[in-house]
Amino acid sequence: MKVIRDKRLYRAQCKTFEDYCQERFGITRVHADRRISFAGLIENLKPMGFKNLPARERQARPLTALPTPELQAEAWSNAQSAAGKDQPSAKEVDALGYTSFEDYCQERFGITRRHVDRAISFVSLIEDLVPRGTKPIPATEYQARHVDRAISFVSLIENLKPIGFKNLPATERQARPLIAKITCSKSAAYST
């Protein structure tokens with residue numbers, strides 16, 4: 001169902017994914033999205049070596065809010081330990097308080113999601129730069145943020161030059177509003 005939704009294959013039969021879900025399966029889009037998230041969670045947890053994976057979508061719903069398989073696995077393991085059984089109920093999983101990634105970041109690390117997102121971006125940048133042999137490697141998240149901005153700026157200019165745009169931004173700071181607009185429009189396109 002995820003492929004059908006993401007690649008918009010439902011358009012062959014229906015105008016919207018919501019109509020497709022209703023006609024094909026007799027369920028709402030919200031329910032279909034929840035099933036897709038649950039299937040993704042199970043795929044993330046399978047390689048982690050769990051003997052007992054979540055059995056029901058509702059039971060694991062709070063875990064799907066967590067962005068990485070490692071965080072999902074840790075939260076599932078914590079729920080099993082706290083409940084003292086292999087299949088904790090939805091209420092017991094909910095009791096962890098991980099109804100959102102923000103809650104998890106605050107409880108687990110004592111920091112905001114923004115700080116965790118920055119740390120994840122920093123690690124990703126380092127993982128990209130090390131195999132390339134790039135030197136010097138940014139030593140802090142703050143330094144890496146500037147490298148990310150520079151990469152975004154160069155990428156923007158490289159994409160706009162062949163189109164023939166005149167008066168391109170001369171500095172990364174001038175390009176920030178344009179980069180933000182492009183990022184927001186891409187996010188909106190992916191979320192629909």
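Is cysteine 21 buried or exposed? In this predicted model, cysteine 21 is buried, with a relative accessible area of 0%. The residue sits in helix α2. Its contacts, leaving aside neighbours within four places in sequence, are Gly26, Ile27, Thr28, Arg29 and Ala32. Alanine 82 is another matter. Cysteine 21 and alanine 82 are 61 residues apart in sequence. In space, their C-alpha atoms are 36 Å apart.

Stay in helix α2, which covers residues 17-25. Here the aromatic residues come in. A search of the whole structure finds three aromatic pairs. One of them joins phenylalanine 17 and tyrosine 20. Their ring centres are 6.3 Å apart. Their planes meet at 20°, so the pair is stacked. The cut-off for that label is planes under 30 degrees apart. Both residues belong to α2 and are three residues apart, so about one helical turn separates them. The general rule is that an α-helix has 3.6 residues a turn, so residues three or four places apart point the same way. Phenylalanine 17 and tyrosine 20 are both buried.

Tyrosine 20 has a second aromatic partner, phenylalanine 25. This pair is edge-to-face. The centres lie 6.0 Å apart, with 80° between the planes. Phenylalanine 25 has 36%, so it counts as partly exposed. The cut-offs matter here: buried means under 20%, and exposed means over 50%. Ring pairs link Tyr10, Phe17, Tyr20 and Phe25 into a cluster.

Arginine 5 lies in α1. This residue touches Tyr10 and Phe17, along with Arg29, Asp33 and Ile36, not counting residues up to four places away in sequence. One of these partners, aspartate 33, is also joined to arginine 5 by a polar contact between side chains, at 2.9 Å. Is arginine 5 buried or exposed? Arginine 5 has a relative accessible area of 19%, so this charged residue counts as buried.

Arginine 8 comes next. Its place is the loop between α1 (2-6) and α2. Arginine 8 has a relative accessibility of 29%, so it counts as partly exposed.

Now move to helices α3 and α4. Helix α3 spans residues 29-45, and helix α4 spans residues 57-64. In general, two packed helices are described by the angle between their axes and the distance between the axes. For α3 and α4, the axes come within 9 Å and cross at roughly 75°. The two helices are therefore roughly perpendicular to each other. Which residues make the contact? From α3 come Arg34, Arg35, Ser37, Phe38 and Leu41. From α4 come Glu57, Ala60, Arg61, Leu63 and Thr64. The residues of this contact divide into four nonpolar, two polar and four charged.

Finish with the buried side of the account for α4. Its buried residues are Glu57, Gln59, Ala60, Pro62 and Leu63. Among them, Glu57, Ala60 and Leu63 also take part in the contact with α3. What do the buried residues of α4 pack against? They pack against α3, α5 (69-83) and α6 (90-94).

Terms used: Residues are numbered from 1 along each chain as its sequence is written. This is a predicted model: local features need pLDDT of at least 70, side-chain atom pairs count only at pLDDT 80 or more; totals for chains, interfaces and linings use all residues. Side-chain values use heavy atoms; hydrogens and water are left out. Axes are lines fitted to C-alpha atoms, for helices over the stretch in contact, and angles run from 0 to 180 degrees between N-to-C directions. Helices (H or I, at least four residues) and strands (E, at least two) are DSSP runs, numbered from the N terminus. Angles under 35 degrees count as roughly parallel, over 145 as roughly antiparallel, 65 to 115 as roughly perpendicular and the rest as oblique. Contact means heavy atoms within 4.5 Å. Rings of Phe, Tyr and Trp (its six-membered ring) pair if their centres lie within 6.5 Å; planes under 30 degrees apart count as stacked, over 60 as edge-to-face and the rest as tilted. Buried means under 20% relative accessible area, exposed over 50%, partly exposed in between (1.4 Å probe, protein chains only). A polar contact is a pair of N or O atoms within 3.5 Å; within protein, one must be able to donate a hydrogen and the other to accept it, and residues adjacent in sequence count only if both atoms are side-chain atoms.
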